[in-house]
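Colleague: I would like to learn how to read a protein model. Please take me through some features, one by one.

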Amino acid sequence: LCNSYGFYLTNVNAIGFLSGKLHFEVQGFVVTSHLNSLPATIKVCMHPHVLDEYTYYESLNLYDNNRLLGFARTAAFQLKVSQEELKAGIYSLRESLKRYRQDELHFGSLRTKPQVLSKTQKAAALEILKSDNVMDSVEGLLQQAGLVTEHQHGLRLFLILLSRNFDSPLHALLQGSLQLCHMLMDTVTSTLPPDQLRDMTSMSVGPLYYNRNKEYWMHKVLFANKIDKHFKGVNTIREFLENKVLRRHTTQSDPLTRQLFAVDRVVEGPICLLGYSKDDSINSRFFDECFFIRVEENEQNQQQMMEYQKKEYAGLIDMNIQKEARQTLSAMQQLLQPLKVIVPFAERMQLSDSILNPLLSFRQLITLVCSVALLHQFTVKQKKDKLGQPYIEATAEHLEIALALFKDISISKSDNLSPG
């Protein structure tokens with residue numbers, strides 16, 4: 001198992017590196033922000049390793065050229081190889097370790113590892129996914145997770161964000177009551193697997209493509225909880241949503257020499273956007289395929305929010321139940337495979353001519369149907385296409401669920417849509 005740095009990962013306690021007939025092992029290497037030194041314990045032996053007498057260990061600073069030359073001299077004598085061969089290997093290792101440390105310092109904090117599920121969490125999630133009432137369970141768990149009111153909007157957002165698994169995901173931009181919108185967004189995003197969420201309060205265009213891993217944003221949710229005329233990077237985000245890829249020719253500075261050099265950066269999507277804006281003009285500036293969901297305060301949801309706050313301050317909200325519900329919903333999403341979804345009745349579906357932008361509305365609805373089907377993948381038969389790739393088929397029941405959630409935000413109640 002060799003990664004992009006040339007490191008072998010078969011030994012979890014050391015970094016392996018092969019240079020010709022020489023096998024190096026770096027033991028106890030710790031990434032630090034002190035760029036003026038590169039301390040490590042180096043073991044070098046012949047490859048394949050035969051006798052212990054042809055092995056050499058030393059702890060040294062790889063930036064100390066005198067120590068490095070001394071290491072090469074002594075190790076070459078011990079292993080019966082030329083000093084030039086040893087120097088070439090140790091210099092190559094130093095460059096790889098330098099690049100590795102540089103990338104870890106710049107991008108390591110941005111990486112989030114997938115959550116490891118316990119047997120109990122996995123069993124509880126699978127039980128729900130295999131049940132006949134998945135949607136009812138999701139709605140109930142969202143309420144336990146902190147969805148105080150606007151339950152239908154909560155379900156809509158859950159399914160919209162689930163579309164991140166597709167090549168053309170949906171997007172949602174909430175407008176209206178700040179308190180209600182943030183309650184909705186915070187609750188739904190708290191149920192996402194941590195490695196699938198990119199949470200930004202504000203951002204410039206740089207973080208979108210200054211990532212060593214070009215797949216950092218792929219099939220992830222970008223949560224921008226405040227988008228207005230001062231939000232940086234709006235045009236770049238829109239470009240990313242539309243093209244599903246960003247390409248930039250930029251400059252980068254070497255942390256040691258401070259010299260600038262040109263690099264081509266490619267970041268691949270797609271991403272799924274969730275955001276809030278109080279600026280109505282943002283609609284015309286953003287991607288056409290966003291769902292613009294307006295959430296206004298009324299007497300009912302105000303009362304529900306007030307009752308919840310009273311219980312919260314009185315200590316009557318069981319936070320353990322809330323945490324468990326969020327973990328269960330997160331585990332469910334981790335267990336879902338990003339399968340291709342076929343809608344066999346798509347050709348027979350029709351939208352009313354009165355719908356504004358019927359092509360866009362049709363694609364949004366079809367994608368929502370696919371999200372519902374994906375959530376029900378454990379209750380339908382998995383099939384394979386001619387190339388042997390697995391897929392599932394959406395059913396009329398999935399359409400009914402999607403349509404019930406879709407009508408209030410994009411289709412008037414008088415519209416008639418059915419698979420037949």
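Colleague: Which residues does Gln377 touch, not counting residues up to four places away in sequence?

Modeller: Some ground rules come before the answer. This is a predicted model, where local features need pLDDT of at least 70 and side-chain atom pairs count only at pLDDT 80 or more, while totals for chains, interfaces and linings use all residues. Residues are numbered from 1 along each chain as its sequence is written, and side-chain values use heavy atoms, leaving out hydrogens and water. Contact means heavy atoms within 4.5 Å. By that rule Gln377 touches Leu335, Leu336, Gln337, Leu339 and Ile392, with residues up to four places away in sequence not counted.

Colleague: Where does Gln377 lie?

Modeller: Helices (H or I, at least four residues) and strands (E, at least two) are DSSP runs, numbered from the N terminus. Gln377 lies in the loop between helix 12 (358–375) and strand 14 (383–384).

Colleague: Is Gln377 buried or exposed?

Modeller: Buried means under 20% relative accessible area, exposed means over 50%, and partly exposed is in between (1.4 Å probe, protein chains only). Gln377 has a relative accessible area of 7%, so Gln377 is buried.

Colleague: What is the order in the open sheet of five strands?

Modeller: The order is 1-2-3-4-5, and the pairing is antiparallel. Strand 1 (7–8) and strand 5 (55–61) are the edge strands, each pairing on one side only. Strand 3 (residues 22–27) and strand 4 (residues 39–46) run antiparallel, joined by six bridges. Leu22 stands opposite Met46 in strand 4.

Colleague: Which strands does helix 1 lie across?

Modeller: Axes are lines fitted to C-alpha atoms, for helices over the stretch in contact, and angles run from 0 to 180 degrees between N-to-C directions. Helix 1 (residues 65–79) lies across strand 3, strand 4 and strand 5, and runs at about 175° to strand 5.

Colleague: At what angle do helix 4 and helix 11 cross?

Modeller: The axes of helix 4 (residues 134–144) and helix 11 (residues 319–335) cross at roughly 140° and come within 8 Å. Under 35 degrees counts as roughly parallel, over 145 as roughly antiparallel, 65 to 115 as roughly perpendicular, and the rest as oblique. Helix 4 is therefore oblique to helix 11. Val138 and Leu141 of helix 4 are among the residues making the contact, as are Ile321 and Met332 of helix 11.

Colleague: How many residues of strand 8 are buried?

Modeller: Five of the five residues in strand 8 (residues 220–224) are buried. Lys220, Leu222 and Ala224 point one way, and Val221 and Phe223 the other way. Strand 8 runs parallel to strand 11 (residues 271–276), with five bridges joining them. Ala224 has Gly275 as its bridge partner in strand 11.

Colleague: How many disulfides are there?

Modeller: A disulfide is a pair of cysteine sulfur atoms within 2.5 Å. The count comes to zero. For Cys290, the closest cysteine sulfur is in Cys272, 8.9 Å away, which is too far for a bond.

Methods
Two strands pair if DSSP finds at least two bridges between them.
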